[in-house]
Amino acid sequence: MDMETVKLSQIVERLAPELSSFLTSRELDIPIVLRDGLALLEPADAMEIVQHSICNGQRQTLLQ
């Protein structure tokens, strides 16, 4: 499968909808590049992506 770019919101809606209330609209709008596409993404992978996205967002906030 080819790489696919999706928004974090698509990953959350599909694999971890319970997390949507913890994320800001800015975080949900982050583009994520998936090596094997959304179809092959596992729930554990989604959790890891969400964690990294939050950490990166916080890092950017601190740097500004």
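The model is a predicted one, where local features need pLDDT of at least 70 and side-chain atom pairs count only at pLDDT 80 or more, while totals for chains, interfaces and linings use all residues. Residues are numbered from 1 along each chain as its sequence is written, and side-chain values use heavy atoms, with hydrogens and water left out.

Now for the overall layout. Three helices and two strands make up the elements of the chain (DSSP runs numbered from the N terminus, with H or I over at least four residues for helices and E over at least two for strands). Read from the N terminus, their order is β-α-α-β-α. The chain has a radius of gyration of 12 Å, close to the 11 Å that the globule rule gives for 64 residues, so it is as compact as a globular protein of that length (the radius is taken over C-alpha atoms, and the rule is 2.2 Å times the number of residues to the power 0.38). The C-alpha trace spans about 35 × 25 × 15 Å along its principal axes.

What about the inside? Of the 64 residues, 30% are buried (under 20% relative accessible area, with exposed meaning over 50% and partly exposed in between, using a 1.4 Å probe and protein chains only). The largest nonpolar core has 15 residues, and Leu8, Ile11, Val12, Leu34 and Ile49 touch the most other members (such a core is a set of buried Ala, Val, Leu, Ile, Met, Phe, Trp, Tyr and Cys residues joined through side-chain atoms within 4.5 Å). At least two residues of this core come from each of α1 (8-15), β2 (31-34) and α3 (43-63). Setting aside neighbours within four places in sequence, Val12 has contacts that include Pro17, Leu23 and Val50 (contact meaning heavy atoms within 4.5 Å).

Glu27 sits in helix α2 (residues 25-28) and is buried, with a relative accessible area of 14%. Beyond residues up to four places away in sequence, Glu27 touches Leu8, Phe22 and Ile54. Ser53, in helix α3, is buried at 6% relative accessible area. Leaving out neighbours within four places in sequence, Ser53 is in contact with Leu8, Ile30 and Ile32.
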